[in-house]
Amino acid sequence: MLNGKKILIGITGSIAAYKIPLLVRLLIKQGAEVQVVMTPAAHDFVTALTLSTLSNKPVLTDAFDPETGQWDSHVALGLWADLMLMAPATANTLAKMAHGIADNYLLTVYLSARCPVFFAPAMDLDMYKHPATQQNIRELQQRSHQLIAPASGELASGLCGEGRMEEPEMLFEIIKAHFKNGKRFAGKKVLISAGPTYEAIDPVRFIGNHSSGRMGIELAKTFASQGAKVILVLGPVELDTKLGNVEIVPVTSAAEMYDSCMAFFAEADITVMSAAVADYRPEQQADSKIKKKDETLTLSLVKNKDILAAMGQQKRADQFLVGFALETDHEIENAVKKLHTKKLDLIVLNSLADEGAGFGKYTNKVTLIDKAGEKTAFDLKPKREVAADLADAIFSKIV
Ligand code: CTP
């Protein structure tokens, strides 16, 4: 799978650099060509000798090598690579990448690279959480660079929290998955709904829910990175929504989501409804702000149309329809019922009983149930990985 793949690894000055030799070894053993580029600071954490021995190539830090008199073109190297991974990526390097600063050789290579770029941050938890770092990460994600989010755990400072670079074995798996999946959804149109809906009570108030939209956004990124044309019908969310290669249709209410989803449904090969659509809306929407008067206020609610059920009714045999079920009790039973009544091909069950799963979380724990009743339960994992599992399951069912 990795045979002949050209992988550029940029190492920056973080203690996590000591883990990269293992990654290089894993890649080389699978037949990849690996070129390591280090920033000057990275040399304090891992030796170039170790890395050049494992990669069978000289490690580069400067464009010009005074010993050999050789000049290495950053442009040629940037064009050479099939994939570039910045790992560990310090807060400083992320900031420079985000702002196009090219004050070392690695950054000039980065600016010349046309291949997919992955980055694995490594830093202390407060540096990671800092709005400046988060903004830089978002900026890079907007360029469709793939964030390999740091894990939570013990940090070199002795503190415990988010900021620990993902383990080399996991970096290896992510690189492998990238090449394995390639553009397997090329030519497919994928419609995804995500986020909550807001049902207006008056001009300033609404009925909503805690959905962050993260699961659907990760799904959109996954399908787009695997070649699909993705339309994301997105309710009001706080998350960054400038996703490369994804057409975003912003909506607010369930009725708007219905209209937008149904407008695209007929042309979609695959539809995944991850949105948390409000089941009811206020019967009346006041034109002006409702004033405080009596001790109690009664709102009369009317049912919204079920988008997924409407799709199930219209679905052609060549279309694949996936729904979500968020359940608190009788989880499997309820999910299976939804699968059949809404005429789905697959349902993704999340249980609120599982810690770390569901609304607003970075992680999720799902069970997939297909039409034949086959169940596949997954561990708790980042939503990005849940999205990859779901894409795998869908792919295996449509080929
Ligand atoms: N859904 C939808 N339109 C609605 C309500 C739900 O398309 N008006 C979709 C959701 O996007 C999800 C699936 O239906 O994919 C199941 O949503 P869920 O809220 O779990 O189930 P409901 O059918 O609304 O049933 P209940 O709230 O009673 O559990």
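The expected span of a helix is taken as 1.5 Å times one less than its number of residues. In this predicted model, helix 13 (residues 383-398) has 16 residues and should therefore span 22 Å, which agrees with the 22 Å that separates its end C-alpha atoms. The buried residues of helix 13 are Lys383, Arg384, Glu385, Val386, Ala387, Asp389, Leu390, Ala391, Ala393 and Ile394.

An open sheet is formed by five strands, arranged in the order 2-1-5-6-7 with parallel pairing.

Helix 1 touches strand 1, strand 2 and strand 5 (83-89), and its direction makes about 180° with that of strand 1. Helix 8 (residues 168-181), in turn, lies across strand 1, strand 5 and strand 6 (117-121), where it runs at about 160° to strand 5.

A further contact joins helix 1 (residues 20-29) to helix 2 (residues 48-55), the two packing at an angle of about 10° with their axes 9 Å apart; helix 1 and helix 2 are therefore roughly parallel to each other. On the side of helix 1 the contact involves Ile20, Pro21, Val24, Arg25 and Ile28, which meet Thr50, Leu51, Leu54 and Ser55 of helix 2. Of the residues in this contact of helix 1 with helix 2, six are nonpolar, two are polar and one is charged.

Definitions and conventions. Residues are numbered from 1 along each chain as its sequence is written. This is a predicted model: local features need pLDDT of at least 70, side-chain atom pairs count only at pLDDT 80 or more; totals for chains, interfaces and linings use all residues. Side-chain values use heavy atoms; hydrogens and water are left out. Axes are lines fitted to C-alpha atoms, for helices over the stretch in contact, and angles run from 0 to 180 degrees between N-to-C directions. Helices (H or I, at least four residues) and strands (E, at least two) are DSSP runs, numbered from the N terminus. Angles under 35 degrees count as roughly parallel, over 145 as roughly antiparallel, 65 to 115 as roughly perpendicular and the rest as oblique. Contact means heavy atoms within 4.5 Å. Ala, Val, Leu, Ile, Met, Phe, Trp, Tyr, Cys and Pro count as nonpolar, Asp, Glu, Lys and Arg as charged, and the others, Gly among them, as polar. Buried means under 20% relative accessible area, exposed over 50%, partly exposed in between (1.4 Å probe, protein chains only). Two strands pair if DSSP finds at least two bridges between them.
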